[in-house]
Amino acid sequence: MSTGDQALKDRVKALIVQCARLKVPVSELTDDRPLFDPEKGLGLDSIDVLEIVVNIEKTFGVQIPDKEVGQKVLQSINTLVDYLKAQGAKA
């Protein structure tokens, strides 16, 4: 993984922790941890999704156009970063 990829992942993790007001240090977020699974993941809810999507769009200039795309993209840090890279977002 390039340093640009890691920088992008770190920014995304920090954004998620801030938007969802998580009490988890950024360093504890693993790249493949589910964002919404209450058992194995972070257990985010629909309000968190809205905050995250709005901030992703503002911060990276990348649109998440609808719920269908959002469900694919917002599975984990990895899926979100892959989408951002595919849309041309830079760290």
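Of the 91 residues in the protein, 36% are buried, where buried denotes a relative accessible area under 20%, exposed one over 50% and partly exposed a value in between, computed with a 1.4 Å probe on protein chains only. The structure is a predicted model, in which local features need pLDDT of at least 70 and side-chain atom pairs count only at pLDDT 80 or more, while totals for chains, interfaces and linings use all residues. Residues are numbered from 1 along each chain as its sequence is written, and side-chain values use heavy atoms, with hydrogens and water left out.

The protein contains four helices and zero strands, helices being DSSP runs of H or I with at least four residues and strands runs of E with at least two, numbered from the N terminus. Along the sequence the pattern reads α-α-α-α. The protein has a radius of gyration of 12 Å, close to the 12 Å given by the globule rule for 91 residues, so it is as compact as a globular protein of that length; the radius is taken over C-alpha atoms, and the rule is 2.2 Å times the number of residues to the power 0.38. Taken along the principal axes, the C-alpha atoms fill a box of roughly 30 × 30 × 20 Å. Among contacts between residues at least 6 apart in sequence, 55% join residues at least 24 apart, a contact being heavy atoms within 4.5 Å.

The packing of the helices comes next. Two packed helices are described by the angle between their axes and the distance between the axes. Helix H1 (residues 3-19) packs against helix H2 (residues 46-60) at an angle of about 140°, and their axes are 10 Å apart. This angle makes H1 oblique to H2. Here axes are lines fitted to C-alpha atoms, for helices over the stretch in contact, and angles run from 0 to 180 degrees between N-to-C directions. Angles under 35 degrees count as roughly parallel, over 145 as roughly antiparallel, 65 to 115 as roughly perpendicular and the rest as oblique. The crossing of H1 and H2 is right-handed; a crossing has this hand if the near helix is turned clockwise from the far one by less than a right angle, and is left-handed if anticlockwise. On the H1 side the contact is made by Leu-8, Arg-11, Val-12, Leu-15, Ile-16 and Cys-19, and on the H2 side by Glu-51, Ile-52, Asn-55, Ile-56, Thr-59 and Phe-60. By class, this contact of H1 with H2 has eight nonpolar, two polar and two charged residues. Ala, Val, Leu, Ile, Met, Phe, Trp, Tyr, Cys and Pro count as nonpolar, Asp, Glu, Lys and Arg as charged, and the others, Gly among them, as polar.

H1 also packs against H4, at an angle of about 120° and with the axes 10 Å apart. H1 and H4 are therefore oblique to each other, and their crossing is right-handed. Asp-5, Leu-8, Lys-9, Val-12, Lys-13 and Ile-16 of H1 meet Ile-77, Asn-78, Leu-80, Val-81, Leu-84 and Lys-85 of H4. The contact of H1 with H4 has seven nonpolar, one polar and four charged residues.

Two residues of H4 illustrate this region. Leu-80, in helix H4, is buried at 0% relative accessibility. Not counting residues up to four places away in sequence, Leu-80 touches Val-12, Ile-16, Ile-56, Val-73 and Leu-74. Val-81, also in helix H4, is buried with a relative accessible area of 1%. Beyond its neighbours within four places in sequence, Val-81 is in contact with Leu-8, Lys-9 and Val-12. Val-81 and Asp-10 are 71 residues apart in sequence, with a C-alpha to C-alpha separation of 9.9 Å.

In helix H2, Val-49 counts as partly exposed at 24% relative accessibility. Val-49 touches Phe-36 and Leu-74, residues up to four places away in sequence not being counted. From Val-49 to Leu-74 the C-alpha to C-alpha distance is 8.3 Å, across 25 residues of sequence.

The loops complete the account. Ser-76 lies between helix H3 (67-73) and helix H4 (77-86), in the loop joining them, and is buried, with a relative accessible area of 7%. Leaving aside neighbours within four places in sequence, Ser-76 is in contact with Asp-31, Asp-32, Arg-33 and Leu-35. Arg-21, in the loop between H1 and H2, counts as exposed at 56% relative accessibility. The phi of Arg-21 is near 50°, a positive value in a residue other than glycine.
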